[in-house]
Structure formats: C-alpha cells, structure tokens
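Here are my notes on the model you sent over. Have it open while you read, and we can go through the points one by one.

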Amino acid sequence: METLLEVKDLKKHFPVSNKVPFKKSKQSVKAVDGVNFNVYQGETLGVVGESGCGKSTVARLINQLIKPTDGVVNFNNENLINMNAAALRETRKKIQMVFQDPYASLDPRVKIGELIAEPMVIHGIGDAKSRQKRVEELLETVGLNKRYADRYPHEFSGGQRQRINIARALTLNPELVICDEPVSALDVSVQAQVINLLKALQKEFQLTYIFISHDLNVVRYMCDRIAVMYLGKIVEVGTFEEIYSQPQHPYTKALFSAIPKESPFETKEQIILKGSVPSPLNPPSGCSFHERCPVAMEICKQKKPNIITQENKHQASCHLVN
Ligand code: SF4
Ligand code: MG
C-alpha cells in the first residue's frame with residue numbers, strides 16, 4: 001500500500017487572549033496536540049471521537065486552511081508546511097473538502113453551475129465553454145440532471161445540495177477528499193444515498209478519503225481503517241474490525257460499546273464514562289484520559305503513554321498496552 005498522506009507530530013495551539021493589554025498570553029488551547037497518522041492510496045480512513053476532540057481542526061490543518069503550530073504534512077512525499085505559495089496552490093488542487101452543512105457551504109446568490117465551475121475559474125483552467133461542459137459532466141457524475149446548472153441552491157433538497165458540494169470538490173480531479181461529517185445534517189434515508197455515492201465515486205476515480213464522523217454506524221459502513229481521537233490526540237488506530245472486536249484503549253472500548261450489537265449472542269456491555277471531556281486549555285497531566293478512565297492506575301496521572309504499534313500495525317496509546 002502506498003502512502004498518500006503522512007501526518008507527523010501535528011499541533012495546533014490557539015493562544016488565549018489575555019486580559020492584560022500588550023502582554024502576551026502564555027496560555028493556549030491545545031486543539032490538536034501531536035497527531036500522527038498515515039493515509040494509504042485508495043483507502044478510507046475514518047476519524048472518530050466526541051465533538052471538540054480536534055477532528056475538524058486536523059482536517060483544516062491538512063489542507064492548510066489553518067496554519068499548524070508545528071508538525072509535518074507530507075502529501076505525495078512533499079511537506080505542505082514549508083511549501084511556497086505557488087507550490088501550495090498547485091498541491092491544494094489535489095486535496096479537496098466536503099463540509100457538513102450543505103446549506104451553509106453554497107452561496108445562495110450564485111447559480112450552481114457557477115459554484116461548481118468556480119475552482120476552475122480560480123485556477124485559470126479552460127474557457128467558458130469547456131468549463132460548462134465539465135460542470136454538466138460533474139452534475140451527471142453525482143446523479144443530478146445537467147440542466148440544473150442554471151438553478152440556485154435554494155431549489156434543491158439537502159441531499160441534492162450535498163451532491164452539488166461533492167461535484168464541486170471533484171472539479172479539479174483531486175486525489176484526497178476530506179469529508180467532515182458529510183451526512184450528519186441529512187435525514188437518515190438520504191444519508192445512505194450520499195454514502196453510496198461517495199463509495200461509487202471512490203471506485204470510479206481512485207479517490208482516497210479521510211472521513212470524519214461521530215456516527216460509528218456510518219463509519220463502519222464507509223471506512224477501511226479508523227483513528228480514534230480524544231482531546232487533541234489520536235489514542236488508537238486500526239482496521240474497523242480490529243477496533244470494533246478488539247479495542248485496546250479504554251476510551252475506544254467505551255466509544256464502541258455504544259454501537260448496537262450485531263447479534264443477540266454478543267455480550268458487549270455499554271460502558272458509560274464518568275464526567276465530560278476536559279478542557280483543552282488545561283488538559284490533565286499524564287494520560288489526558290485518566291480522570292475518566294475506568295481502569296486508570298497511579299502512573300497514568302504522571303506519565304503520558306507512548307503510542308505502541310503491534311505486529312499487525314494496530315496502534316494504541318495506553319500504559320496497559322504493550
Ligand atoms: Fe486509562 Fe491509564 Fe490507559 Fe490512560 S494510560 S487510558 S488512564 S489505563
Ligand atoms: Mg467538527
């Protein structure tokens with residue numbers, strides 16, 4: 001399997017504004033705090049975790065919508081972090097995003113044909129006629145009528161609007177598409193259609209996906225591998241099967257215990273965690289999960305666990321894993 005994206009020690013610390021004017025604040029919100037993972041060509045990597053754990057920030061750091069505090073983002077072996085503006089512009093054509101809210105992400109005053117063509121206009125690709133042809137082709141690719149190009153976003157349903165967003169993401173023939181909760185705002189019946197479309201497009205165009213979601217049933221259907229995030233860090237990575245049937249990290253165990261059982265003979269008890277996710281402004285010492293962990297030990301308060309890679313590449317960061 002070839003690595004398309006390699007993320008190393010990625011960090012985003014947002015400085016906190018200080019009440020004392022002209023004095024630099026020393027405090028920061030550690031939204032993403034040393035994240036490492038690889039994405040292989042053609043796969044779907046799911047990123048899961050409770051809201052506020054840093055999933056969306058990771059997505060925005062990858063394509064440099066926000067600048068990381070530190071770290072490496074290698075895409076096709078080139079680090080986006082220290083690229084010059086021209087090289088970054090070229091590379092970003094290959095990394096596109098589909099956001100959660102199909103209502104907010106389309107300008108209501110612009111016809112959808114223009115919205116889909118916009119990336120070509122920005123990058124100076126083609127003339128008006130060839131762009132129109134490409135728009136029609138893209139509309140059909142996502143299962144919409146090519147005559148819809150002249151209509152406005154309000155004329156479409158939520159599912160159709162997400163198809164339009166997907167068409168727009170495909171305009172420049174990307175290699176990696178980062179989908180941030182792409183179906184969370186849609187009705188359940190429409191979710192399946194959009195998920196199936198994403199799967200079909202992946203096959204047709206050899207796309208690689210990062211699929212961010214808090215819905216583990218959607219993740220189960222969509223993803224090859226999964227990275228579990230907690231408080232700005234990845235605590236476990238593995239295939240869906242490994243993580244579902246043999247979770248290693250106590251947080252993953254709790255998270256996945258909430259998925260309905262596959263058969264009545266399975267005896268998974270739902271694990272309810274105490275407390276709520278601590279503030280990333282003041283993360284706990286040692287293992288950042290220790291205050292909520294049902295099996296925490298004395299060492300967990302003092303020492304951060306390293307991420308351990310097992311023989312089958314399943315990774316987890318917990319003092320109980322070795
Ligand atoms: Fe729980 Fe300790 Fe493992 Fe953290 S390191 S998950 S506190 S057992
Ligand atoms: Mg989010």
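1. Is His13 buried, exposed or partly exposed, going by the other C-beta atoms within 10 Å? Keep in mind that this is a predicted model. His13 has 17 other C-beta atoms within 10 Å. Buried would take 20 or more, and exposed 12 or fewer, so His13 comes out as partly exposed.

2. Staying with that residue: His13 sits in strand E1, which covers residues 3–15. Leaving aside residues up to four places away in sequence, His13 touches Ser28, Val29, Lys30 and Thr69. Take Lys30 from that list: it is 17 residues from His13 along the chain, yet their C-alpha atoms are separated by 4.5 Å.

3. Now the sheet. It is an open one with 8 strands, and the order reads E6-E7-E8-E3-E9-E10-E12-E11, with mixed pairing. The edges are E6 (95–98) and E11 (308–309); each has a single partner strand, so one side of each is left without a neighbour in the sheet.

4. Met229, for instance, has Ile234 in E10 as its bridge partner.

5. Helix H5 (residues 158–170) lies across E6 and strand E7 (176–180). The angle between H5 and E6 is about 175°.

6. Next, helix H3 (residues 112–122). Its buried residues are Ile112, Gly113, Leu115, Ile116 and Ala117, and they pack against H5 and helix H4 (128–141). Just past the end of H3, have a look at Gly124, where phi is positive, about 60°.

7. On the H3 side you will find Gly113, Ile116, Ala117 and Met120, which meet Arg131, Arg134, Val135 and Leu138 in H4. By class, the contact has 5 nonpolar, 1 polar and 2 charged residues.

8. Last, the ligand. Which residues are the closest to ligand 1? They are Cys287, His290, Cys293, Cys300 and Cys318, out of 14 residues that surround ligand 1.

Key:
Residues are numbered from 1 along each chain as its sequence is written. Chains are lettered from A and ligands numbered from 1 in the order in which they are written. This is a predicted model: local features need pLDDT of at least 70, side-chain atom pairs count only at pLDDT 80 or more; totals for chains, interfaces and linings use all residues. Two strands pair if DSSP finds at least two bridges between them. Helices (H or I, at least four residues) and strands (E, at least two) are DSSP runs, numbered from the N terminus. Two residues are in contact if their C-beta atoms, placed from the backbone, lie within 7 Å. Axes are lines fitted to C-alpha atoms, for helices over the stretch in contact, and angles run from 0 to 180 degrees between N-to-C directions. A residue is near a molecule or strand if its C-beta atom, placed from the backbone, lies within 6 Å of it. Ala, Val, Leu, Ile, Met, Phe, Trp, Tyr, Cys and Pro count as nonpolar, Asp, Glu, Lys and Arg as charged, and the others, Gly among them, as polar.
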